[in-house]
Structure formats: C-alpha cells, structure tokens
Amino acid sequence: MAETPAPIRIAACGCVTPFGDAQASHAALIRGECALRRVPVLGNDGGDPVPLALMPGRPLDETAPPGWLSSVKGLAERLPPGAWGSPGRPVFVTGSNFGVGGLYALGRTGNAAFASWGALPTCTEQLRLALGWGPDVAILSHACVSAHLGLLEATRAIEAGAADEALVLSFDFLSPFVAGGFHSLKILNSEFPAPYRERASGAIGLGDGAAFAVLARGRGDWTLEGQGVYNEMHHFTSNRADGSGFARCLEAAAGAADGRRVWFKGHGTGTLDAGRLEVAEASRAFPGSPITGWKGSLGHTLGSCGLVELAIAIESVRSGIAPGTIGGPGEPMGPSVALDNFGTRGFDGVVCASNAFGGAHAAFLLCHA
Amino acid sequence: MAPASPMPDPLTASLKQLIVDTLRLEDTSAADIPDDEPLVGGGLSLDSIDALELVVRLEREFGIKIASSEEARQALASVAALTTYVRERGDPSRLPS
C-alpha cells in the first residue's frame, strides 16, 4: 500500500523590518509603535515628505551595491544550513521591485555600477552569487502577491516531487523611483495611513522588508492550507466594485477553515475603496473573525508583504497575542476590524491575505501543526 | 453622447481641449464634451489611469497640487467641477483671460 506523504509544512520562517527580526517586529507592533517617518519622496532630490519605513541607517537613494544587501545577507544567516539552489533544494526569489531603483539611478548618473542590480534577472543573479546559492533559482514577481505565489510554487514543487525542500525569499526595498511612482498615483502623500478606517482621503505608507520561508515535508510546526490566488482582470489599479475579486480569492481559505475559528490578517494599505471591499468580503467569508492589518506601522512592504506578515503572524500565534490594526484615526470600516491587540489562543488559525495592482488577490490559512 | 453645452468661458474651453490633447481622443472634439457629464466613468469612458494623466498635466499646466486620489476624483467629477477647482487653486497667471 502506498505511503501517504507527510504533509508540507513551514520548517523555518523569518523576516526583517525596520524594527528588526520577526520577534522584535511583533513586539513593536504590540506596543503600537510606528516605523513610518516622513522622508522626502525623491530622497536627495527632495520632494514632498511622505511616510516611509526605511531600515535603520539606510538612505532612500540607491547605492551600488545596494544599501539593502546587508539586510538580506543578515536575514540569510538565519536560513537553515544547506546547499540552497542545488538539485532538490530550489530557491524561489519573489519581490515586486527588486533593484529597479538602480535603473533610475543608472539613468540619472550614468554610473554603470548600478546596471548589474537594476533588472530582475541581474539583481537575482547578483544575490545568488552573494549568498552562495546554486543555479536552481526561480524568480516570481507579481506585485504585492509575489510572496504568496512563491509559497504556492514552492508547495507545488514539493508536491510534484521536484523538490525535497524549498526556500522562498522575498524582499522589497524602497528607492526614489518606487516612492515617486506611488506618489504620482496620489496614494502616497503627506498623510500617514489609517488602514480599515473611514476618512476623507486614503493614504498609504511604504516600508522596507524581507522575509524567508522554508517548506518541507513533515518538518516544522506550521501548515499552509487553502492557498488561493485569483486575478479579477478588471483594471490596473482598481477592483470590481462588487468585491467579487476579494470574495473569490478567499473561497479556498474559507473552505480550508471549514468552521474552525480563525482571525484575519488582511492587506489593509490605507486606501479607502480596497479597504472597504476587503473588510466587507473578509467579514462575509469569516463572520466574527477579528480583522487586523499592520501596514499602518510597517508601511506596505510591497512584494515582500505576504511573507513578512506571515512571519509576524507566526509570532502572534506563538506568543498568544496579535497586534491590532495600527494607523491614524478614523471610524473602523466594520465591526470586525480589531483596533486593539487581541489574544490568539482561542483561534485555530489565521487567514493571511494580500491584494495587488492588476486585481490580483492571494490568501491562505496558517495553522499550527 | 448628449449634445455639448455652449462653452461659457475660456477656462472651460481650455480644459476641454486639454482633455482631448492629453488623452489623445481622436473621435472627440472639445466642443463634444458636455460641462456636467462625469469625466471618469461617463461617456468619455475615462478610467483611473486616464485620470492620472490628466492630473499630471493639470498640475504642470496650472501650477496646482492635487494631494490625493480622492481629491482628484472630486476635481474630475465633471468639466464644470474641474473649471471651479482650477479657477480656485490655479496660478492666476496661468489661467486664460
């Protein structure tokens, strides 16, 4: 009789934010601290002051090599040892912007040193060499659901027998190019974000972030269930007004929850329309589940947010307390929005969701094994 | 599309032409754009990306500063709303006389 394969679990997970590692970040959020500070949107070139959360000591402006490389190397030191990128141990590198600020710096300065970090493939190759990985490295980039996609592909690789264990590394570090882009969309301005709160106008903050997860069969304390991704294919920057994109993506996680008591770690950037839709559909899919979001403190860490916030969600379950929704003032968008910290011991798991430009949505149910 | 209203002032006419030029509306002339029709989601079928292009052009042309997407939405509610917005916030030296 064929043996049932051991379930795939998260064998290791960690992150780095301006507050520090996952434990330090969780503790800071529990204390209600805000990592966002007003920074000129174009760095040395000035511009409007906007809320950004940068790694301590790292300027917004690009350098060659990138100033964020030390943060990624520091994070990589916490990886389980082994020959990552060798056969059976693939690496999935995910992010939204990679070193794109380097291309902007290249264009402005003409300094060729920026070139090798500017594009996705070259940036990843530089990283692969810096971290001593083998050649089996894949790149996944789909805006703010990039990390979720990495987790899904890593899961599928193991399920298909193409990997014994898989590493997902996700990172996004800010630059004048990235901050300027969101500023030009009028969603990054001088206001601090207030996720899931009603106010006259919405605003986001942006943050540096990096995280990793190692997936393996039968090892680790955490399971990912009901991994779902869905693209509503509606518009670059807006969602269907009926919330169907959010609803559709949550179906898999809701099915996996199957009546179990869960809390909801949402995307919650601080924009109004998306926040309202997210609260409405999360409340519908998981009635009574407290909804929380942490981008009001960490800023939106873009392509890395799914994995950065997964690491903090794990700390929340491990410690027995989850940070409430941090942000500016305003009435909550729904009764389920948790403005205060809350205990996690009475819950069976947490649904983690992210949403992205282009109408992409992703979610999964995280449970302790 | 409903017939356009007569263009009452130079700023309104200028804004309608700016819309046509900025968005490269090949099948629409400035005179075709009604004063009170919604610019986004109305007969012109403009979307949020078109709105963003208009915002950038308006800021450059008239020296205004639109701080948020909600403020942009209000300013672009219609040509009439946009005329009022630009007249109130624009650099007077850049407004058509």
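Good morning. Please keep in mind throughout that the model is predicted.

Let us begin with the overall make-up of chain A, which has 11 helices and 18 strands. Its C-alpha trace spans about 60 × 55 × 40 Å along the principal axes. How does the radius of gyration of chain A agree with that of a compact globule? For 369 residues, such a globule would have a value near 21 Å, and chain A, with 19 Å, agrees with this. Of the 369 residues in chain A, 55% are buried. Among contacts in chain A with a separation of 6 or more, 78% are between residues 24 or more positions apart.

I now turn to one pair of helices in chain A. Helix α3(A) covers residues 100–109 and helix α7(A) covers residues 176–184; their axes are 7 Å apart, at an angle of about 100°. Why is this pair called roughly perpendicular? The term applies to angles from 65 to 115 degrees, and the angle of about 100° therefore makes α3(A) roughly perpendicular to α7(A). On the α3(A) side the contact is formed by A:Val100, A:Gly101 and A:Tyr104, and on the α7(A) side by A:Pro176, A:Phe177 and A:Val178.

Which of its residues are buried? They are A:Pro176, A:Phe177, A:Val178, A:Ala179, A:Gly180 and A:Phe182. The buried residues of α7(A) pack against strand β4 (49–53), helix α3 and strand β9 (206–207) of chain A. Just after this helix, A:Lys186 adopts a positive phi of about 70°.

Let us move to chain B. What secondary structure does chain B have? There are four helices and zero strands, and along the sequence the pattern reads α-α-α-α. The radius of gyration of chain B is 12 Å, close to the 13 Å from the globule rule for 97 residues, so chain B is as compact as a globular protein of that length. The C-alpha trace of chain B spans about 30 × 30 × 20 Å along its principal axes. Buried residues account for 25% of the 97 residues in chain B. Of the contacts in chain B between residues at least 6 apart in sequence, 63% link residues at least 24 apart.

Within chain B, helix α1(B), residues 10–23, and helix α2(B), residues 48–62, cross at roughly 120°, and their axes come within 10 Å. This angle makes α1(B) oblique to α2(B), and the crossing is right-handed. From α1(B), the residues B:Leu18, B:Ile19, B:Thr22 and B:Leu23 meet B:Asp50, B:Glu53, B:Leu54, B:Arg57 and B:Glu61 of α2(B). The residues of this contact comprise four nonpolar, one polar and four charged.

Finally, we come to the place where the two chains meet. How many residues of chain B are in contact with chain A? There are 12 on chain B, in contact with 12 residues of chain A. On the chain B side, the elements that supply two or more residues are α2 and α3 (69–75). The residues on that side of chain B divide into six nonpolar, three polar and three charged.

Thank you for your attention.

Terms used:
Residues are numbered from 1 along each chain as its sequence is written. Chains are lettered from A and ligands numbered from 1 in the order in which they are written. This is a predicted model: local features need pLDDT of at least 70, side-chain atom pairs count only at pLDDT 80 or more; totals for chains, interfaces and linings use all residues. The radius of gyration is taken over C-alpha atoms; the globule rule is 2.2 Å times the number of residues to the power 0.38. A residue is buried if 20 or more other C-beta atoms lie within 10 Å of its own, exposed if 12 or fewer, and partly exposed in between; C-beta atoms are placed from the backbone. Two residues are in contact if their C-beta atoms, placed from the backbone, lie within 7 Å. Axes are lines fitted to C-alpha atoms, for helices over the stretch in contact, and angles run from 0 to 180 degrees between N-to-C directions. Angles under 35 degrees count as roughly parallel, over 145 as roughly antiparallel, 65 to 115 as roughly perpendicular and the rest as oblique. A crossing is left-handed if the near helix is turned anticlockwise from the far one by less than a right angle, and right-handed if clockwise. Ala, Val, Leu, Ile, Met, Phe, Trp, Tyr, Cys and Pro count as nonpolar, Asp, Glu, Lys and Arg as charged, and the others, Gly among them, as polar.
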